[in-house]
Amino acid sequence: MSTTVCQVMGFIVSSLGIAGCIISTAMDMWSTQDLYDNPVTAVFQYQGLWRSCVRQSSGFTECRPYFTILGLPAMFQAVRALMIVGIVLGILGLFVCIFALKCIRIGSMEDSAKANMTLTSGIMFIVAGLCAITGVSVFANMLVTNFWMSTANMYQGMQNIQTRYTFGSALFVGWVAGGLALIGGIMMCLACRGLIPEESHYKAVSYNASGRNISYRTAPYKVGSGYEPEVKTRKGPGYEEAPRSEDGRRSYPSKYDYV
């Protein structure tokens, strides 16, 4: 029962994590404009992985997608790739996990096959969670570096006012989603141990008869009275039957006959 609960909980937690990764990747607020020095502004800018948006004080929002790929920074493209790889692995892991659930019977699938599928889906969830956490962390590192560079430039030349960007809500969603996917994958790996059938500690040993195989033939059954004495005869080389006397007894040579 505990194995089934752990497996189902791992599936639910991993599903929430993968859904959060998809939402985080699609969100536009990966970086938002810092309003620390200018809290009152007519234009508010924020950017995502796929487009940049501008929201005016009147409430009108205009978004423009990135029409170029080569013009984007290499780290930015790496973040995109990590998030996409994490989502693909997570979706594949969900499909595998559905068929690996112990509460679902598909034909005559054995527990050992379900255990292997559970372990596979758990590894996929772990890798997907690590990809999401790594991608969000790389993007956050880029924001921190650009923030302090912009701050240094602003203090060096007061006449140049640059727009600084800080963490957006999508980063926190990505961190939480990656953590959920990672925890769900660990739970699936733990549930795999309960699905493995216990092996017997006694090993079977096969014995082979040495020598030639002897075939036995059954003789025809002979009906008797049951009172007939069993007569045993022994014949072989060097064996001679002792002569019988007149009364029917056998006479054996004595030791004096060999002198």
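Student: Which residue in S4 is the bridge partner of Arg55?

Tutor: That's Thr61. This is a predicted model, by the way. Further along, Ser52 has Arg64 in S4 as its bridge partner.

Student: How do you know that S3 and S4 really count as paired?

Tutor: Set the number of bridges against the cut-off. Two strands pair if there are at least two bridges between them. S3 and S4 have five, in the antiparallel sense, so they meet that cut-off.

Student: What makes S2 and S3 a pair?

Tutor: Strand S2 (residues 43-47) and strand S3 (residues 51-56) are joined by five bridges and run antiparallel; a pair needs at least two, so they qualify. You can follow it residue by residue: Val43 has Gln56 as its bridge partner in S3, and Gln47 stands opposite Ser52. A hairpin of three residues takes the chain from S2 to S3.

Student: Why are S4 and S5 called edge strands?

Tutor: Start with the strand order. The open sheet has five strands, S4-S3-S2-S1-S5, with antiparallel pairing. Strand S4 (61-65) and strand S5 (165-167) each have a single partner strand, so one side of each has no neighbour in the sheet. From one strand to the next, the twist averages 25°.

Student: Now the helices. Why are H1 and H2 called roughly antiparallel?

Tutor: Their packing angle is about 155°, between helix H1 (residues 2-26) and helix H2 (residues 74-100). Angles over 145 degrees count as roughly antiparallel, and H1 and H2 therefore get that label. Their axes are 10 Å apart, and H1 passes H2 in a left-handed crossing.

Student: Which residues of H1 and H2 make the contact?

Tutor: From H1, they include Phe11, Ile18 and Ile22; from H2, Met83, Ile87 and Leu94 are among them.

Student: How many nonpolar, polar and charged residues are in that contact?

Tutor: There are 11 nonpolar, five polar and no charged residues. Gly86 and Gly90 of H2 take part, and Gly counts as polar in this scheme.

Student: Where does UniProt place the "transmembrane region" feature?

Tutor: The unreviewed entry gives residues 7-27, 81-101, 122-149 and 169-196.

Student: What makes up the chain over residues 81-101 and 122-149, helix or strand?

Tutor: Residues 81-101 are 95% helix and 0% strand, with end C-alpha atoms 30 Å apart. Residues 122-149 are 100% helix and 0% strand, and there the end C-alpha atoms are 41 Å apart.

Note on methods
Residues are numbered from 1 along each chain as its sequence is written. This is a predicted model: local features need pLDDT of at least 70, side-chain atom pairs count only at pLDDT 80 or more; totals for chains, interfaces and linings use all residues. Side-chain values use heavy atoms; hydrogens and water are left out. Axes are lines fitted to C-alpha atoms, for helices over the stretch in contact, and angles run from 0 to 180 degrees between N-to-C directions. Helices (H or I, at least four residues) and strands (E, at least two) are DSSP runs, numbered from the N terminus. Angles under 35 degrees count as roughly parallel, over 145 as roughly antiparallel, 65 to 115 as roughly perpendicular and the rest as oblique. A crossing is left-handed if the near helix is turned anticlockwise from the far one by less than a right angle, and right-handed if clockwise. Contact means heavy atoms within 4.5 Å. UniProt positions are given in the numbering used here, feature names are shortened, and annotations may be inferred rather than shown by experiment.
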